[in-house]
Amino acid sequence: RSIARRTSTTGAYLTRRGFASESAPDRKVAILGAAGGIGQPLSLLMKLNPLVSQLSLYDIAGTPGVAADVSHINTRSQVSGFAGDEQLRQALEGADVVIIPAGVPRKPGMTRDDLFNINAGIVKSLCTAIAKYCPHALVNMISNPVNSTVPIAAEVFKKAGTYDEKRLFGVTTLDVVRAKTFYAGKAKVNVADVIVPVVGGHAGITILPLFSQATPKANLGDEEIEALTKRTQDGGTEVVEAKAGKGSATLSMAYAGAIFADACLKGLNGVPDVVECSFVQSTVTDLPFFASKVRLGKNGVEEVLGLGPLSDFEKQGLEALKPELKSSIEKGIKFANDN
Ligand code: NAI
């Protein structure tokens, strides 16, 4: 069977057992922050992905246990756990895709930007190591604030002389996952059929779902669209409040992260027409980074797709998000250059 056929249904491997892997090329995936709330279920889901041949789990502590546990699952990949700075090199060497959910999550009342001071430093040090040990890997940035951590990563890679804008991605898939779920609920359509692009950034009003382009089409009123938009923008906060101090989205984020990494692997393997939304270097607007639909290929980003036709409500949302997104991007760039 061809790779394309075997992997054509998004996430199908999550529900199928006994898949074949003989024709898929070797791919090493490293997860940095693998012992955390997102890291553990993400490690599980990547262990289930038949496109992965080597799964490298890194954290400051706790990864030997997670790796031993996950390694007993009878799927293709060989699992190794690495802990501490001195093992970071081994964790990263040869990686095709590096997924970064390292850093602290939000507590009730916090914005993603409140995480900046801690997570910016973590991301900077991990990206310095990526530049050294696996400069050609595709980087999937989950650590918040994504609107700033992606620009930080870009600056670190530029300084190291390894920056390739085609290989750096802010993971905004959870916004897409939420938009699809909420839309399907309101529009009373089968959630598995729903497609909704989500553009902009990954925090509050910078998250802009384009429900005017959602399919299957539904006749939702303006108020319903506004409510869906707000719920998508506040989806993270909904989880933070429900967890009441025990962190933010981890399980749905692990699912979203697994979907995005799977898309990156398919692209690397030459599967055609792999398109996901992601926060990338962009000329779609006047901002240097922006989330929109991206076609993935053998080198990472194959094409950054435009926004398509927007409703008046979406046009307003786009103008409203630009100042905040611009300042988050600049904050990241400044941090990387000052520290
Ligand atoms: P967590 O606190 O449960 O796990 C974070 C893990 O990172 C811990 O195991 C910690 O030991 C590890 N870590 C800290 N410093 C590290 C370093 N220098 N190297 C390697 N690992 C390190 O947090 P959780 O819930 O897993 O969230 C992780 C991040 O993901 C947060 O920044 C959170 O805001 C973000 N997030 C992003 C989402 C998105 O849509 N992009 C959605 C949800 C969360």
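Student: Which residues in α6 meet which residues in α11?

Tutor: In this predicted model, Asn147, Ser148, Thr149, Pro151, Ile152, Glu155 and Val156 are the residues of α6 that meet Leu325, Ser328, Ile329, Lys331, Gly332, Ile333, Phe335, Ala336 and Asn337 in α11. The residues of this contact divide into eight nonpolar, six polar and two charged.

Student: At what angle do helix α6 and helix α11 pack, and how far apart are their axes?

Tutor: In general, two packed helices are described by the angle between their axes and the distance between the axes. Here, helix α6 (residues 146-160) and helix α11 (residues 312-338) pack at an angle of about 40°, and their axes lie 7 Å apart. That angle makes α6 oblique to α11, and the crossing of the two helices is right-handed.

Student: Which residues are buried in helix α9, and which are exposed?

Tutor: The general idea is that an α-helix has 3.6 residues a turn, so residues three or four places apart point the same way. In helix α9 (residues 235-243), the buried residues are Gly235, Gly236, Val239 and Val240. Because they cover an arc of only 140° around the axis, they are on the same side of α9, while Glu238 and Ala242 are exposed on the other side. What covers the buried residues includes α7 (173-187) and α8 (222-233).

Student: Why does valine 97 count as buried?

Tutor: Valine 97, which is found in strand β4 (residues 97-100), counts as buried because it has 27 C-beta neighbours inside 10 Å, where 20 or more are needed. Leaving aside residues up to four places away in sequence, valine 97 touches Val29, Ala137, Leu138, Asn140, Ala261, Cys264 and Leu265.

Notes
Residues are numbered from 1 along each chain as its sequence is written. This is a predicted model: local features need pLDDT of at least 70, side-chain atom pairs count only at pLDDT 80 or more; totals for chains, interfaces and linings use all residues. Axes are lines fitted to C-alpha atoms, for helices over the stretch in contact, and angles run from 0 to 180 degrees between N-to-C directions. Helices (H or I, at least four residues) and strands (E, at least two) are DSSP runs, numbered from the N terminus. Angles under 35 degrees count as roughly parallel, over 145 as roughly antiparallel, 65 to 115 as roughly perpendicular and the rest as oblique. A crossing is left-handed if the near helix is turned anticlockwise from the far one by less than a right angle, and right-handed if clockwise. Two residues are in contact if their C-beta atoms, placed from the backbone, lie within 7 Å. Ala, Val, Leu, Ile, Met, Phe, Trp, Tyr, Cys and Pro count as nonpolar, Asp, Glu, Lys and Arg as charged, and the others, Gly among them, as polar. A residue is buried if 20 or more other C-beta atoms lie within 10 Å of its own, exposed if 12 or fewer, and partly exposed in between; C-beta atoms are placed from the backbone. The arc is that of the directions from the helix axis to the C-beta atoms.
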